[in-house]
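Reader: I have a protein model open and want to understand its layout. Can we go through it step by step?

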Amino acid sequence: FADYTLYLFVIICYHLFRADFTEMMRALGYPRLISMENFRTPNFPLVAEILIWLVKRYEPQTDIPTDVDTEQDRVFFTKAVAQFMATKAHIKLNTKKLYQADGYAVKELLKVTTVLYNAMKTKRMDTNNDVEEEGSKFKFDLGSKISDLKTARQLASEITSKGATVFDLLGKEVDLREMRTAAIARPLEINETEKALRAGIKEVLEQVQKTKDMLNNVASDEANLEAKIEKKKLELERSKKRLQTLQSVRSAGNPVCAAVALLPRCPCAREQHVTAIAGRSVVCGVVA
């Protein structure tokens, strides 16, 4: 059973190889129709004809001997084709299987036809892409290019302004070059360098101290703000209590008590306001 399964597998693979080979040869434009039965028995003239056609298709200027009448000519022809494919196409062919000119030779021929067929498919795809690109050159959406146009205008204005700045700086380069050359040529004095470094260190220390003072002031300001907030909160509480007292007095309908409730808390001022109310003949809610 295992031998029979292996035999079936070999037969199926063999037919698949031959079917792919015939289809590829038809697609490549081989002028003769190849049948499935042509390779059931050794057929060296057909194999030689296919090899010559494939070689010419790969490189038309190639000179390959076409005489295959004798056994020696066939051997020489097979070796020449195998050498050509190895050097030009980097395809390694089995000369023994090619010489058999049967189903095993189809497998070797399939190596060459696969390369040519893939190259033809790639060329067709590239041609289709070129046609699509040429067609898309005249099809574009102007709305999608508005943002790019705005960006291009902005970049153009920036380039103009930067170019003007560079031009002005280059105009000052003549004077700056002389000053730079003089500064570089002047010998450094240790005392002046030390003095400059000390001045720089002093300035940095002053900045650090100023920053620390500012941080301390921030802490004191924060404390003052918190004290002010607490004071305002107390005043708000007192105002709320006085408002509640006024509302309760008004609900009782006693204008005198309301006036008394609104009197200031200072004893002197309170006495003066009470005297003024008594002078107007207002006594405990009774109007004279």
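Author: Let us start on the surface of this predicted model. L197, I201 and L205 form a nonpolar patch there. Their accessible area together is about 320 Å².

Reader: Is L205 buried or exposed?

Author: L205 lies in helix α7, which spans residues 190–252. Its relative accessible area is 55%. The cut-off for exposed is over 50%. Because 55% passes that cut-off, L205 counts as exposed.

Reader: What do nonpolar side chains tend to do in soluble globular proteins?

Author: The patch of L197, I201 and L205 sits on the surface.

Reader: Which element gives the most to the largest nonpolar core?

Author: That core has 34 residues. The elements giving two or more residues are α1 (2–28), α2 (44–58), α3 (71–88) and α5 (103–136). With nine residues, the top contributor is α2.

Reader: Which residues does I50 touch, leaving out those up to four places away in sequence?

Author: I50 and F21 have the most contacts inside the core. F21 is also one of the residues that I50 touches.

Key: Residues numbered from 1 in each chain as written. Predicted model: local features only at pLDDT ≥ 70, side-chain atom pairs only at ≥ 80, totals over all residues. Heavy atoms only, no water. Core = buried A, V, L, I, M, F, W, Y, C linked by side-chain atoms within 4.5 Å. Buried < 20%, exposed > 50% of the residue type's maximum accessible area, 1.4 Å probe, protein only. Helix = DSSP H or I, 4+ residues; strand = E, 2+ residues; numbered from the N terminus. Contact = heavy atoms within 4.5 Å. Patch = residues over 30% accessible without salt bridge, like charges linked within 9 Å, V, L, I, M, F, W, Y side chains within 5 Å. Areas by Shrake-Rupley, 256 points an atom, 1.4 Å probe, with all protein chains shown as cover. Salt bridge = Lys/Arg side-chain N within 4 Å of Asp/Glu carboxyl O.
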